[in-house]
Amino acid sequence: KLKGRLKQSVCKWCYGNIPLDDLARNAAAMGIRSVELLGEKDWPIVKQHGLLCAMANGPSGINPGWNRADLHDGLVKEAERLLPLVKEAGLPNMIVFSGNRSAGISDAEGMETCAKGIKRIMKVAEDLGVNVAMELLNSKRDHRDYQCDRTPWGVELCKRVESPRFKLLYDIYHMQIMEGDVIDTIQRNIKYI
């Protein structure tokens with residue numbers, strides 16, 4: 001039995017063969033509070049089991065992402081459609097991704113482009129009280145070429161976006177592969193996580 005000190009959740013993609021209704025029912029019985037990374041059609045399913053979707057899917061998958069200026073208009077349009085739905089469903093966070101470097105995008109260019117695009121949606125997110133979180137993923141093993149693959153890069157992006165509602169989804173699994181020293185890194189950068 002869980003003591004309630006930690007807010008534990010699961011991601012649906014890890015349990016691909018289990019129907020969401022079954023996953024949510026069993027998660028709730030175990031004391032898990034959330035099933036994450038779900039699209040809008042799935043939010044009511046977890047809600048009927050008393051669960052939250054603590055991190056809602058955003059306007060794109062992992063790649064392509066916000067480091068492509070040619071995609072900004074479409075990403076902004078979809079984010080502006082999703083954010084009110086996220087708020088209405090009572091969800092606290094929506095995920096976004098940098099995208100890959102594969103198109104010859106340098107880290108400096110990717111940073112500038114991500115910041116420019118994400119700033120376009122932050123007023124809506126702020127007004128609604130919804131956090132937009134960019135996930136840090138490893139580019140060594142699981143997501144080769146992903147751009148937001150180190151904490152300093154993500155922290156600098158947060159500084160450039162300049163919104164209290166823009167944060168990093170600090171994935172410990174991914175960052176232990178890329179950087180190690182996760183406890184100190186989290187402590188030093190907690191206001192961005």
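**Ground rules.** Since the model is predicted, I take local features at pLDDT of at least 70 and side-chain atom pairs only at pLDDT 80 or more, while totals for chains, interfaces and linings use all residues. Residue numbers start from 1 along each chain as its sequence is written, and side-chain values use heavy atoms, with hydrogens and water left out.

**Entry 1, helix 1.** I started with helix 1, residues 20-30. Helices here are DSSP runs of H or I with at least four residues, strands are runs of E with at least two, and both are numbered from the N terminus. Which residues of helix 1 are buried? I found Leu20, Leu23, Ala24 and Ala27; buried means under 20% relative accessible area, exposed over 50%, and partly exposed in between, with a 1.4 Å probe and protein chains only. They sit on the same side of helix 1, because they cover an arc of only 95° around the axis (the arc is taken from the directions from the helix axis to the C-beta atoms). Just after helix 1, glycine 31 has a positive phi of about 95°.

Helix 3 runs over residues 72-88, 17 residues in all. From first C-alpha to last it reaches 24 Å, close to the 24 Å expected (1.5 Å times one less than the number of residues). Its buried residues are His72, Leu75, Val76, Ala79, Leu82, Leu83 and Val86. I see them packing against helix 2, strand 3 (93-96), helix 4 (107-128) and strand 4 (131-135). Glycine 90 follows helix 3, and its phi is positive too, near 75°.

In what order do the strands of the open sheet stand? I read 3-4-5, three strands with parallel pairing; two strands count as paired if DSSP finds at least two bridges between them. Strand 3 and strand 5 are at the edges with a single partner strand each, so one side of each has no neighbour in the sheet. Neighbouring strands are turned by 35° against each other on average, direction ignored. Axes for such angles are lines fitted to C-alpha atoms, for helices over the stretch in contact, and the angles run from 0 to 180 degrees between N-to-C directions.

Strand 3 and strand 4 share four bridges, with isoleucine 95 partnered by alanine 133 and valine 96 by methionine 134. Helix 4 packs on this sheet, touching strand 3, strand 4 and strand 5, and its direction makes about 155° with that of strand 4. Four bridges also join strand 4 to strand 5 (residues 166-169); there valine 132 stands opposite phenylalanine 166, and methionine 134 opposite leucine 168.

How is strand 4 covered? Asn131, Ala133 and Glu135 are buried on one side, and Val132 and Met134 on the other. Strand 3 has both faces covered as well, with Asn93 and Ile95 on one side and Met94 and Val96 on the other.

I finished with asparagine 100, in the loop between strand 3 and helix 4. Asparagine 100 is buried, at a relative accessible area of 14%. Leaving aside neighbours within four places in sequence, asparagine 100 contacts Asn63, Asn67, Ile105, Arg144, Asp145, Tyr146 and Gln147, where contact means heavy atoms within 4.5 Å.
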